[in-house]
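Thanks, everyone. Let's look at one helix and its surroundings. Please have the structure open.

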Amino acid sequence: MATVSGERSTTGQATELLGSMLLQPKQSLTRDQLKSLWLHQAVAGSLVTDPDEVLGKARENLDRLLQQHRGTMAGVWLRRWQDKINEGVGSVLKALTSEDSEAVELRQNSPFAGVLSQPQRLKVLESFRRSGWERVA
C-alpha cells in the first residue's frame, strides 16, 4: 500500500492524488495568440540587443495606457507588465516568449507597440503566414 501524508491509502487513491498534482498540459494557442507570440518573440530579439530602448518605449506606452484603462481589466494586466519591467529583462523576456496562460493574457495587453518598425512587423507576419501557422484555428 502507498502512503500519502503518513496515512495508508490504496494504490488507486495514491494514483488519483498524483494525477491531481501533475501540471495540466499547456493550453493550445489560437491562431491569433500564436501570431501575437511570434510578434512578441521578435520584440524579445530587440530587447536583448537594446534593453534600455525597448523598456523605455514600454514604460512610455504604459504611462499612457494606464491612464486610458484605469479601473478596467486591461489596467490590471498593464500593471502586471509594469511589475515585470520592474523585475528586469529576464522577467520581461519570459512574458514575451512563454506559452503559459499569464503570458498569453499579458501579450493581449502589450505595452510594446512601436518597438518593431512597420517593415519588421510585416516581415514577422509574412514569416508566420509562410510557416503554416496561419491555418491554425
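Start where H2 meets H5. On the H2 side, the contacts come from Leu37, His40, Gln41, Val43, Ala44, Leu47 and Val48. On the H5 side, they come from Val89, Val92, Leu93, Leu96 and Thr97.

How do the two helices lie? This is a predicted model, and in it H2 and H5 pack at about 160 degrees, with axes 8 Å apart. An angle over 145 counts as roughly antiparallel, so that is what H2 and H5 are to each other. The crossing of H2 past H5 is left-handed.

Now H2 itself. It covers residues 31-49, 19 residues in total. At 1.5 Å a residue, it should span 27 Å. The end C-alpha atoms sit 28 Å apart, which agrees.

Which residues of H2 are buried? Among them are Gln33, Leu34, Ser36, Leu39 and Ser46. The buried residues of H2 pack against H5, and also against helix H3 (51-68), helix H6 (101-107) and helix H7 (118-131).

Take Ser46 in H2. Its relative accessible area is 17%. Buried means under 20%, so Ser46 qualifies. Beyond four places in sequence, Ser46 touches Pro51, Val54, Val115 and Leu116.

Last, confidence. The protein chain averages a pLDDT of 84, and 77% of the residues score at least 70. H5 has the highest confidence, at 98. Strand S1, residues 2-4, has the lowest, at a mean of 40. Over residues 1-25, pLDDT stays under 50, and the model has 10 contacts there beyond four places in sequence. Where pLDDT is low, the predicted coordinates should not be read in detail.

Conventions:
Residues are numbered from 1 along each chain as its sequence is written. This is a predicted model: local features need pLDDT of at least 70, side-chain atom pairs count only at pLDDT 80 or more; totals for chains, interfaces and linings use all residues. Side-chain values use heavy atoms; hydrogens and water are left out. Helices (H or I, at least four residues) and strands (E, at least two) are DSSP runs, numbered from the N terminus. The expected span of a helix is 1.5 Å times one less than its number of residues. Buried means under 20% relative accessible area, exposed over 50%, partly exposed in between (1.4 Å probe, protein chains only). Contact means heavy atoms within 4.5 Å. pLDDT is the predictor's confidence in each residue, from 0 to 100. Axes are lines fitted to C-alpha atoms, for helices over the stretch in contact, and angles run from 0 to 180 degrees between N-to-C directions. Angles under 35 degrees count as roughly parallel, over 145 as roughly antiparallel, 65 to 115 as roughly perpendicular and the rest as oblique. A crossing is left-handed if the near helix is turned anticlockwise from the far one by less than a right angle, and right-handed if clockwise.
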